[in-house]
Amino acid sequence: MSNPVRAEIEDLQGMIDLASLVFKSEMGKIFPVLFSQENVENMTIVKEGGRPVSMIGLLPREISFFGHRVKVGLVGSVCTHPDYRGKNYGAVNLVMAEELAIDMGLSLLIISGGRGLYQRFGAVRPPGMKRILVKPGRTASMREARISDIGKILDLYRMKPLRYFRNFSDFEKAFSTGYAEARKAKTFLSERAYITVVEREDSHFVIEYGGSSKDVISLTRGYIERTELTECIIVAERHFRAEESLPFEFPGTAKIISKRRFFDQMEGYFTEIMPSEDYDRFIETVERLSLAEFNQEVFCCSKFNGLPLSLPNYGFDYI
């Protein structure tokens, strides 16, 4: 059995070929930021015969939790060549990816998917989001967005209190692919909002948006009218305002990999949202929890105000 190693630039094409084979997609084209020379050393691989046969895609990012910044690693494109499965390569690769992420100063991994492999690794399912069914109604004037609109889109996106921080050039690359969440996507723009729409399971989903809840709904109605649909679904964070909504499962799992670092990065959030006496009790609780118990406390069940934490939907940040 070969040991996992940190990928190098000469491994990049082999990783693209491996992921494209397993996922039956042009992965280098769909995920140009993940599969780039600038990011390749953040990935871990197992090599056999001089080529990658198993890999973990890792992309360092930051999340804004209502203005408080957390350093995260997005994990995706996790795969092993069919001829090399059953050798535990995925598990050992994940362990090395976690060690690498800790060395990079990250405190949280967000993994695309909920496979048993990730649950055995210690990842948990964060609280879900809202599923808002939009029917025809009053619409906003709209048009399909162009790459020259990225500046305006980012202005609207930055209004969101729960979001990934985006580098302009990285977002430009992701937008130019015409994909979001590994599906063909189109983005539409009004004066005060934008939406990004994909098709899946015979339905149309808004998987990213910016602007007020009211303006996003109005723009979605414009999309319904434009495409002659009867309805469209908005996948929204929990603070999105809508008269009616249903639960929608978060499409991934998460694992805090450094309790101390995560707490340091989120301390401002906890002190801001908890009364002082609750905060003191929270500190006492955190100190006696194991890392696995802390993940449960933060993401699954907690009696403290502001918990459990929700994560932003992926949108263009999916890998």
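1. Basis. The model is predicted, with local features requiring pLDDT of at least 70 and side-chain atom pairs counted only at pLDDT 80 or more, while totals for chains, interfaces and linings use all residues. Residues are numbered from 1 along each chain as its sequence is written, and side-chain values use heavy atoms, with hydrogens and water left out.

2. Helix pair. Helices α8 (residues 259-273) and α9 (residues 276-288) pack at about 170°, and their axes lie 12 Å apart. The pair is therefore roughly antiparallel (angles over 145 degrees, on a scale from 0 to 180 between N-to-C directions). Helices here are DSSP runs of H or I with at least four residues, and strands are runs of E with at least two. On the α8 side the contact uses Lys259, Phe263, Glu267, Phe270 and Thr271; α9 brings Tyr279, Phe282, Ile283, Val286 and Glu287. Contact means heavy atoms within 4.5 Å. By class, these residues are 6 nonpolar, 1 polar and 3 charged. Asp, Glu, Lys and Arg count as charged; Ala, Val, Leu, Ile, Met, Phe, Trp, Tyr, Cys and Pro as nonpolar; the others, Gly among them, as polar.

3. Largest pocket. A pocket is an open set of points on a 1 Å grid, with protein on both sides within 12 Å along at least five of seven lines; lining residues have an atom within 4 Å of a point. The largest pocket holds about 300 Å³. Its lining has 20 residues, with Thr80, Gly90, Ala91, Arg115 and Leu117 nearest the centre. At least two lining residues come from each of β3 (51-65), β4 (68-80), α3 (89-103) and α4 (116-121). Helix α3 provides the largest share, 5 residues. The lining of the largest pocket comprises 11 nonpolar, 5 polar and 4 charged residues.

4. Largest cavity. The whole structure contains 2 cavities of 30 Å³ or more. In a cavity, a 1.4 Å probe fits but cannot get out. The largest cavity has about 230 Å³ of space. It is lined by 22 residues; Val33, Ala174, Phe316, Asp317 and Tyr318 lie nearest its centre. Elements β3, α6 (168-176) and β9 (179-180) each give at least two of the lining residues, and α6 gives the most, 3.

5. Second cavity. The second largest cavity has a volume of about 70 Å³. It has 15 lining residues, and Lys160, Ile207, Glu208, Glu237 and Asn313 are the closest to its centre. Strands β8 (162-164) and β12 (203-210) each supply at least two lining residues. The lining of the second largest cavity divides into 8 nonpolar, 1 polar and 6 charged residues.

6. Arginine 61. This residue sits in strand β3. Arginine 61 counts as buried, at 16% relative accessibility (buried is under 20% relative accessible area, exposed over 50%, with a 1.4 Å probe and protein chains only). Beyond neighbours within four places in sequence, the contacts of arginine 61 include Asp170 and Asp317, along with Val33 and Phe165.

7. Backbone points. The peptide bond from leucine 307 to proline 308 is cis, with omega near 0°. Proline 308 lies in the segment after α10 (291-299). Two glutamates deserve a look. Glutamate 181 has a positive phi, near 55°, in the loop between β9 and β10 (183-189); glutamate 181 is buried at 11% relative accessibility. Glutamate 228 has phi near 60° and belongs to the loop between α7 (213-227) and β13 (232-236). Glutamate 228 is exposed, with 72% relative accessible area.

Terms used. Parallel < 35°, antiparallel > 145°, perpendicular 65-115°, else oblique. Points joined across faces, edges and corners; volume = space filled by probe spheres on them.
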